[in-house]
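Student: I've got a new structure to look at. Can you walk me through it?
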Amino acid sequence: MEFSDNVQIVAGVLREAGKVTESDLPSTISITTANNQKLLFDYYLTPEMVKVNGRKVVAYYEEVVSNTIIKIKVSK
């Protein structure tokens with residue numbers, strides 16, 4: 001499988017993946033590396049991911065900028 005040059009790889013223990021995502025918002029999971037670096041990801045959890053919660057995994061990810069509206073004011 002080929003990835004773009006922006007893809008990063010992290011190996012570590014998957015945590016916070018105890019149950020399948022049942023809402024329209026993703027769950028927040030973490031992967032903790034061998035040197036205790038903890039990375040957080042928002043992801044929709046599947047039964048397959050729940051089965052490997054607490055085990056070592058390898059994740060491929062891209063950092064993407066996200067803009068969040070904090071207030072909207074109606075103009076006159």
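Tutor: Let's start with a term: a nonpolar core is a set of buried Ala, Val, Leu, Ile, Met, Phe, Trp, Tyr and Cys residues joined through side-chain atoms within 4.5 Å. Keep in mind that this is a predicted model.

Student: Ok, which residues make up the largest nonpolar core?

Tutor: Twelve residues do: V10, L14, A17, I29, I31, L39, F41, L45, M49, V57, A59 and Y61. Two or more residues each come from β1 (8-15), β2 (27-32), β3 (38-43) and β4 (56-61).

Student: And which element gives the most to this core?

Tutor: That is β4, with three residues.

Student: What is L14 in contact with, leaving aside its neighbours within four places in sequence?

Tutor: L14 touches I29, S30, I31, M49, V52, N53, G54, R55 and V57. One of these, I31, is also the bridge partner of L14 in β2.

Student: How many bridges join β1 to β2?

Tutor: Three, and the two strands run antiparallel. β2 is also joined to β3, by six bridges, again antiparallel. For example, T32 is opposite K38 of β3.

Student: What sits between β2 and β3?

Tutor: Five residues lie between the strands of that hairpin, where N36 has a positive phi near 65°.

Student: Switching to the outside. Which residues form a nonpolar patch on the surface?

Tutor: M1, F3, I9, V58 and Y60, with about 620 Å² of accessible area together. M1 lies in the segment before β1.

Student: Why does M1 count as exposed?

Tutor: Because its relative accessibility is 90%, and exposed means over 50%.

Key. Residues numbered from 1 in each chain as written. Predicted model: local features only at pLDDT ≥ 70, side-chain atom pairs only at ≥ 80, totals over all residues. Heavy atoms only, no water. Buried < 20%, exposed > 50% of the residue type's maximum accessible area, 1.4 Å probe, protein only. Helix = DSSP H or I, 4+ residues; strand = E, 2+ residues; numbered from the N terminus. Contact = heavy atoms within 4.5 Å. Pairing = 2+ DSSP bridges. Patch = residues over 30% accessible without salt bridge, like charges linked within 9 Å, V, L, I, M, F, W, Y side chains within 5 Å. Areas by Shrake-Rupley, 256 points an atom, 1.4 Å probe, with all protein chains shown as cover. Salt bridge = Lys/Arg side-chain N within 4 Å of Asp/Glu carboxyl O.
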